[in-house]
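Morning, everyone. Please bring the structure up on your screens, and we'll walk through it together.

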Amino acid sequence: MPISLNQRSMPQPLSWNLTIDSTIIIVNGSMTIGSVMVQLVNRLDVSQDFSDYALWWPKANIWLTNTKSTLDQYGVQSDAQLHFTSMHKIIRLQLPDLRVLSSQADFSVSVFAAVCKLCKDLGIRHAEELSLIRSSRLSNTQGLHERRTSPRRRRNTNGTLNRHNSMGDSLANNTSTLSTLFSPTTPKLRSTDSSMRQHRSASNLSKSLNNLDINTDRNLAQTPMTPIKNVLPQLNKPNNVIEKSVFNSLWYDSSRSLMEQNTQENDLILLRFKYFTFYDLNPKFDAIRLNQLYEQAKWSILSEEIDCTEEEIMIFAALQLQIQIQSFHSSSTLSTYLSPTDDIGHEYDNGNDYDVDRALERLQDSLLGTKVTTNQSTSSLIQQFSTPEELCDYLRLLKPRRFTFKSFKRYWFVMRDTQLAYYTTEGQQRSTPIEKISLKGCEIFPDVNVSSKKYIIRLLIPSIDGMNETLIRCSTEEQYAKWMAAFRLASKGRSINEPSYETERESILALLHMQRPASTTNQVKTKFDIQPENFVSNKFVKKYKTKQLTERILEAHATVSNLDGTEAKLRYLKAWQALPEFGITTFVVKFKESNKKEELFGVAANRLLRMTMTGDILKTWWISRMRSWNVNWENKLVTIEFDGETIQFLPLYGIDSKCIHEYIGAYIFLSNAINRNNV
């Protein structure tokens, strides 16, 4: 059709050259990303599957993954240097048990999505509890470690582009990298024949416990035993609270991709449990998750990341020894009865009565929140679940004061719901109490020494001036377990009428039982040699002789020698959670309108803490009472509003406010998820 002279032709968009790797193609701003990729692939003329490839813009630090968006919408101009690279790349992933796997990770999605995919491939449930953290040996922790190296050895990465296996590199190498990531099965950690354990000689067991060689076992539910002397130099152990705070800021931003956070292919990245909630921990489905969680707890104890008393470290050592013994028996039994082509766990599918009874017990535990044996009568069950509305007993109280010497005084204590009151005698219970304490929001800490019969409960009660300390002393283990369980529930706003009270009380009694000195009748007759430095932290190795540590570990082991591997791991985690420093992530901050230059801000699963640089708690805020929080991204000022109070602080030592912001938001998300699952 002829064009009229009066009709104007549509202006054609200007074309320009776009450089992708070393290839130049002619494009215009209205072209979509998909069209650009098609034109690039046609120019390359290579028979290869490019479905996993996408465009990466290093200068803008973004992926051009939306194939329907145009170059103008992304802001790409002729001076842009793009890379056509694969979205999935190989990384060296270190698990919590310190094994390193060559894994394939998605560099184009958020870290949260990448972790979910990695955990799914590894067989770990509830990936929201885990995240990725940079190896401090490869990172410059905001100048703290930079002063220790010479200027010649410092890596200058400013203004340079790291190679991420671009299209040009893959063509030059002409090789394809296969991922070694695997999806392991979840075998049950129980031997088939208990009599086989008796035929295992102590010499073979001692040899296994001492010759801890690293192997390439791919069963993530059982970790190969590794000598601590080979591991401790590689662990990230902060020397002070400042380094610990900087180390806590090395976590990857979960909302950005690995590529956007300057991660290179084959980098060593640590997979760790970041948020300490651990809900719905079922040994039937979480064998791998349970083992990896135990390994992270074990190395935090052995590396002195969390401080322990002598009795506590002996409990951990005894449980670790029992877990290794059970792992030795399990692996030996499996290797005896199974051929290399047999399916692990197939021999447990016979449906015998023992397995059925154990399954019913675990189902009853998960439904009722308490452990009930088949020998319990109906009357005992009724008595167990009909908990009283109040708790009454004679206890001893002490309020420590500086420069004063006072002893514990005996009072009559009455606890109803979350309120604790005490009187001079039982007869004055209906009169006005001496003091009435609201336990909701209090910090509860144990101070126990079973051998010396010391059962003290430390209460840190919030007040206007800070945290007031009150000590309550019990007379027996049963009395301590009863009141300690009640105090822990009350601090969370819960009462003793809930079924979880009995579960908490029994778990406390179990921990106390493990701390008892083993009687001579309960001592294990079979002796075997162990290296105590593999079971306790370095400060106890320096304090005691090898023979003394060995005797104490074996003595403590006699109280837990009847546990299977799974139950021992659960006991280990329960004792780990009972430590005062458990689950508190600290950051060095400067509170607004405060005279102190530096203080610690702690984030836990259900509370926020203000602490001194020595770790003393000044104030506690419960997350459930938080109304809002926000971050000024320009000056990094964090503002948190509670009921009737607002706090503001600035992170120090180069710590990003986004890290604290992510911790708070994640714990709120996880608490809501737990509440939804419990409904």
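I'll go through a sheet, a strand, the cores and then a single threonine.

A word first: this is a predicted model.

Let's start with the open sheet. Five strands make it up, in the order S2-S1-S5-S3-S4, and the pairing is mixed. The edges are strand S2, 23-28, and strand S4, 62-64, each of which pairs on one side only. From one strand to the next, the twist averages 40 degrees.

Look inside that sheet. Strand S3, residues 53-57, and strand S5, residues 81-86, run antiparallel, joined by 4 bridges. H1 lies across S1, S2, S3, S4 and S5. Against S2, H1 runs at about 145 degrees.

Next, strand S9, residues 268-273. How many of its residues are buried? The count is 6 of the 6, so S9 is largely enclosed by the rest of the structure. Check the two faces. Leu268, Leu270 and Arg272 point one way, while Ile269, Leu271 and Phe273 point the other. All of them are buried, and that includes the arginine, Arg272.

Which strands pair with S9? Strand S8, residues 130-134, is antiparallel to S9, with 5 bridges. Here Ser131 sits opposite Arg272.

On to the cores. As a general point, nonpolar side chains tend to be buried together in soluble globular proteins. In this model, the largest nonpolar core has 100 residues. Those with the most contacts inside it are Leu132, Ile301, Trp576, Phe601, Leu608, Ile640 and Phe649. Helix H10, residues 310-337, gives the largest share, 10 residues. A second, separate core has 34 residues, including Leu397, Val448, Tyr501 and Leu512.

Zoom in on Trp576. Setting aside neighbours within four places in sequence, its contacts include Phe276, Phe278, Leu293, Ile301, Phe316 and Phe582. Ser300 is also among them.

Last stop, Thr639, in strand S22, residues 637-642. Is Thr639 buried or exposed? Its relative accessible area is 13%. The cut-off for buried is under 20%, so Thr639 counts as buried. Its side chain makes a polar contact of 3.1 Å with the side chain of Gln648. Beyond four places in sequence, Thr639 touches Ser628, Trp629, Asn630, Thr646, Ile647 and Gln648.

That's my tour. Over to you.

Notes. Residues are numbered from 1 along each chain as its sequence is written. This is a predicted model: local features need pLDDT of at least 70, side-chain atom pairs count only at pLDDT 80 or more; totals for chains, interfaces and linings use all residues. Side-chain values use heavy atoms; hydrogens and water are left out. Helices (H or I, at least four residues) and strands (E, at least two) are DSSP runs, numbered from the N terminus. Buried means under 20% relative accessible area, exposed over 50%, partly exposed in between (1.4 Å probe, protein chains only). A polar contact is a pair of N or O atoms within 3.5 Å; within protein, one must be able to donate a hydrogen and the other to accept it, and residues adjacent in sequence count only if both atoms are side-chain atoms. Contact means heavy atoms within 4.5 Å. A nonpolar core is a set of buried Ala, Val, Leu, Ile, Met, Phe, Trp, Tyr and Cys residues joined through side-chain atoms within 4.5 Å. Two strands pair if DSSP finds at least two bridges between them. Axes are lines fitted to C-alpha atoms, for helices over the stretch in contact, and angles run from 0 to 180 degrees between N-to-C directions.
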